[in-house]
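Good morning, colleagues. I would ask you to look at the sequence and the model together while I speak.

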Amino acid sequence: MPDGGAPVLDVTGLKTVFRTRGGEVHAVNTVDFHLNAGELLGVVGESGSGKSVTMMSLIGLLPTPPAEVRAGRVMFDGRDLLKTDDETLRDIRGGQIGFVFQDPMTSLNPVFTVGFQIMEPLRRHMGMGKRAARVRAAELLDLVGIPDATRRLGDFPHQFSGGMRQRVMIAIALACDPKVLIADEPTTALDVTIQAQILELMKELRTKLGMGVIWITHDLGVIAGIADRVMVMYGGQVVEQAPVRELFANPRHPYTRALLTTVPSVRGERVKRLTVIEGQPPILSQQPGWCPFRDRCPHRMEVCDRLNPQRYPVAAGHDAACFLVDPGLSEDYRPRPRPAPQPAPQPQPLQAQPQPRPIRQQPDPQPQPQPRPVQQQPDPQPQPQPQPGQKPQPQPVQQQPRPQSQPHPVQQQPQPQPKPQPQVRPTSVSHSFTIGGDDG
Ligand SMILES: Nc1ncnc2c1ncn2[C@@H]1O[C@H](COP(=O)(O)OP(=O)(O)OP(=O)(O)O)[C@@H](O)[C@H]1O
Ligand code: SF4
Ligand SMILES: [Mg+2]
């Protein structure tokens, strides 16, 4: 599905916190994303990364307190949902925006029949009479693969299996032909056959109805098969987003690369051992002024401890929140061609060549050059300005000078032994996914 036209849902600067006895939990930190009509946006990220809280924040589904949507804008159908009154929001929920909850066991009301629960939104939002709503409810149950649908309308949720309850939830969410469907791990309790049926159904409906779908899952195989675009979340933030083929072929954030290498492959080279992402997810007790992935990142640099990277564009429709793809910064880590020999004013006994920069920096007690102002947080340390226009000059090794023309603090410490450069190129990832979301 092309990434064009006006988005049906446009989210900017969303921040959600939970107030707990132990302090605030910053579950969602300045999340921006959009969803186009007819598009399926896959959302991935490890447990606790903020996928569910983000989506529930959009349509006022979080209990307040303890939750508080502290900032942001959620534009849907010409209005900001965060500023919409409760009555209107209730009409939008279930009518124009369908939501399939992560836990089907607790999402259905045990004291009402399944038929009643499917018919209720039809009567409320579509204005259907009882008879028409019953017929439509049976159609919907049939659509999601429940056998003997008309008879089963009279059954209660406990008379359905877990997978069937999940399908009932999907039927309720689809009842009013929503413009947007948010499905939070909707197929996790389903066997692969039913899962495939539901995925096919989604492909069909979004094409037929032009419905935009947000599909949260841990299953990268499902994402590869169904999504048009993928958003990767980590530590309450979006760390990377790209069209599905682009993301699998060219992941740029170290977390995304690590995530892709944790998936078994049935094609390509045989991998003896799957990669494990070492370490723990970040504690969200404060809004991070640093990269949330820093504790687990093999490419961590000094700047990653001081600043939280913004999302830098890396290709068409593809961005990543990592300093390695910051066009200004990453230049400093690339191997540089040696400068052409220049006539030296005086013969030098021994000259240092400009060296590739190390990716890690030890704390430097010396005054440092001014960092490039790519980030919102100013460096509290007073620092001298770099000398404008000054080029790196070969210097005698004995003097150990600090190169003046290197503007970024990550390069300041000349090392006798240069370290290898961080690889911005994608990790060689072999996977078995069939990426076919846009075929649907
Ligand atoms: N009621 C709550 N009180 C305090 N913290 C909460 C509450 N609900 C969620 N959180 C925190 O918000 C963060 C994001 O949770 P969320 O449920 O969005 O994760 P998720 O990415 O959906 O994970 P999963 O894949 O396990 O469903 C987590 O750190 C979680 O502990
Ligand atoms: S290189 Fe730095 S900014 Fe990029 S993911 Fe690693 S710690 Fe974060
Ligand atoms: Mg969740």
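This is a predicted model: local features need pLDDT of at least 70, side-chain atom pairs count only at pLDDT 80 or more; totals for chains, interfaces and linings use all residues.

Residues are numbered from 1 along each chain as its sequence is written, while chains are lettered from A and ligands numbered from 1 in the order in which they are written.

An open sheet of mixed pairing is formed by 8 strands, in the order 6-7-8-3-9-10-12-11. Strands here are DSSP runs of E, at least two residues, and helices are runs of H or I, at least four residues, both numbered from the N terminus. Two strands pair if DSSP finds at least two bridges between them. At the edges are strand 6 (97–100) and strand 11 (312–315), each pairing on one side only.

Turning to ligand 1, 15 residues surround it, and Phe18, Ala27, Ser47, Ser52 and Val53 are the closest. A residue is near a molecule if its C-beta atom, placed from the backbone, lies within 6 Å of it. Strand 1 (7–20), strand 2 (23–36) and helix 1 (51–58) each give two or more residues to this shell, and helix 1 gives the most, with 3 residues.

Finally, Glu200 is found in helix 8 (residues 192–209). Why is Glu200 partly exposed? Because 13 other C-beta atoms lie within 10 Å; the class falls between buried, at 20 or more, and exposed, at 12 or fewer, with C-beta atoms placed from the backbone.
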